[in-house]
Amino acid sequence: MGLSPTLVVDIVVGGLITGGIYALVALGLNLQYGLMRVLNVAHGEFLMMGAYLTYSLHTAWGVNPLLTLLITGPASFGAGLVLHRLLYARVLAGGEAAEALESRSLLLSFGLLFVLQNAALLLWSADLKGYSYLAVPLRFLGSVFPANRLVAAAVALAVSLAFYVFLQRSFLGKAIRALMQDPEGAQLAGIDLSRVHGLCFGIGIAMSAVTGSLISMLFELTPFIGLPYTVTALVVVILGGLGNVVGSLLGGLILGLVETASVYLAASDIRLIASYAVLSLILILKPSGLFGR
Amino acid sequence: MSMKRREFLKTTAGAAAALGTLRGRAWGQAKPVRIGYTLSATGPYSVGAGITQGPNYTLWQAQANAKGGLLVKGQGRRPIEFISIDDRSEHETAVRFYEKLATDDRVDLMLPPWGTAMNFAVAPVANKYGYPLLGPTAVSNKIKDLQLPYFYALLQQPDQIMGAFAGILKELKAQGKISKIAIAYVNDLFGIELNASAATALKEAGLEAVDVKSYPLGVKDLSPVLKGFKAAGVDAFVGLTYPPDNILATSQAKEVDWNPPVWLAAVGTAFPFYRDRFKGAEGVMGIAGWNPKVKSAGAKEYFDAHVKKHQKEPDRWASAFAYASLQILERCVAEVGLDRPKIKAMVDSTEFQTVAGPIRFVKGSNVSTPGMVGQWQKGEFEIVWPKGLATGTPVVPKPAWA
């Protein structure tokens, strides 16, 4: 198969669409795992919840799916703060070794995963749910792309970039970066660890839920759509480097490009193999991640 | 500890039994007929189980119990009691529960779980303990190789389904309405088998697919496949799909601006949900087997009862066969009682009249229902192939996506 200009456009744009969504969901997980060593395997479940919330708001009251981000974002941020205060803060209290915190928070997240899945099952049942939004073709550069995917990816990238600017510029962002680089030093400088943890947990979950809102425009929903996204996010986090925000962003885009290229140039079945091959290569060549220190 | 637990169980079982007898008065004190099964309420199989099988089990139970119960030969009517759990879409959970149903609960009858793989997993258990198992959602050419005399498959199998696909495509090509066929199939046992059957059936019909592409289960983007078919000038799309990828392909076809004259897909198209999701899905074709217009006795009554009880329509393929499997059991129990070898003998030797038409088994496979193709036309999934059973005529080219 020749590499025609249309094919290149298909791969690059298609890859950026997929990658933009990966980046946002991975950023949320990285914030939790990189900073707090909370391996939140229920991360994808918050995505699922955000998706259902948007679905309900859109189908019941006709709210524009993009506007629902203004609801799912803050609502899930609040839920994240409460969950952190009620559950994770207790588990994470007492400065123990990172491994101990990791395994305990992992168990807690597993429990949360089942609770959230079953809650969704009770609320929305296991029937497929979905709606059409911006399901129209958009033509440019000699090819055609679904408008809703382009919009979803653009919003995801915009949110990711906004968060990056927030980390670089705001005081709180600097505190978060300081804690990521040197937890002890940052605390000595007067940064309240527990408070920043809570905020980061909330922001991470909000990112997952917002991604879910965007995804609900593209795919059918069931209570079980979350886990594959957790796995993908984990791959991106490892690819980009633990606790590295830019790494997650670029890692997501790279993974999206690799997957899309493999689908166009080989076959759809190769997608997972290609993404795990990239992950394996990184783990062998640079275990700290592409952009890890 | 285990002794204590056993004691506790005895006590609670006693209490439950006492409650049961109290409640039993309402049933005229007849001992219930206990029927065991698992269905997936969670996990990937829950979507299909909740559409095709679960609603029919509970509808049948409610209808029978409203009449005073299931008529058992020589014993009058006995209420139906279900013993079931959520198998969580896990084969081993289902297998363990069917073992328990046979050895511990010693149920009178068993009903199958949802889906080909699940039926494959539990059929040997039912067979071992001599429970006839009438599966309405098992589709595989390999069923006949299993050598399980107690297992029966009601649905059309891949060879018959693909025979019908090839039949209608051949006619449309002869009419000059299509020229290039392409196939996309889901890369698991189900899709691979359908694809193999499709290759044979197309060849026998003198047809050939210009492109065949596979995609993995849980695929998130089918636009590369669809764009490829579009670029190749394909005018008959054949999707050997499960419901989620079927819906993905349909929405993405519109999004990449591709509207081939024939859009023919496998599982999912016959769901009322699909029709509603795509604003009527006018002109979309898929595997069919039933609609409320078919001539079988009770078809319309079944449709109305299903809508009344569940506030949703039965799907237009396997739902009626799920209900038919229960009609078959009901008739056998009325004529030979709960003696399972006798039930099996009757299932083997009888042609049953059901809401899904006549059903007769030869070596465990229903030989009375041919492969069919349906097409959504003004809200109904009309059967458009074979002509002898058709409730409508095919509309090709299909109208633009709504």
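## A bridge between two strands

Which residue in β4(B) is the bridge partner of Thr38(B)? In this predicted model, that partner is Ile85(B). The strands behind this pairing are β1 (residues 33-39) of chain B and β4(B), which run in the parallel sense and are joined over seven bridges.

## The sheet and its helices

Chain B has an open sheet of three strands, paired in parallel, in the order β4-β1-β5. Because β4 (80-86) and β5 (109-110) of chain B stand at the edges with a single partner strand each, one side of each has no neighbour in the sheet.

Two helices of chain B pack on this sheet. Helix α2 (residues 46-66) of chain B touches β1 and β4 of chain B, and its direction makes about 160 degrees with that of β4(B). Helix α3 (residues 91-105) of chain B touches β1, β4 and β5 of chain B, with its direction at about 165 degrees to that of β1(B).

Chain B is split into domain 1 (32-157 + 295-366) and domain 2 (158-292 + 371-389). Their C-alpha centres lie 28 Å apart, and the contact draws 22 residues from domain 1 of chain B and 20 residues from domain 2 of chain B.

Helix α2 of chain B turns up again here: on the side of domain 1 of chain B that touches domain 2 of chain B, the elements giving two or more residues are α2, α10 (299-310) and α11 (319-336) of chain B. What is the make-up of that side of domain 1 of chain B in nonpolar, polar and charged residues? Eleven are nonpolar, six are polar and five are charged.

How values were computed: Residues numbered from 1 in each chain as written. Chains lettered and ligands numbered in written order. Predicted model: local features only at pLDDT ≥ 70, side-chain atom pairs only at ≥ 80, totals over all residues. Pairing = 2+ DSSP bridges. Helix = DSSP H or I, 4+ residues; strand = E, 2+ residues; numbered from the N terminus. Contact = placed C-beta atoms within 7 Å. Axes fitted to C-alpha atoms, helices over the stretch in contact; angles between N-to-C directions. Domains from an automatic or database assignment. Nonpolar A, V, L, I, M, F, W, Y, C, P; charged D, E, K, R; others polar.
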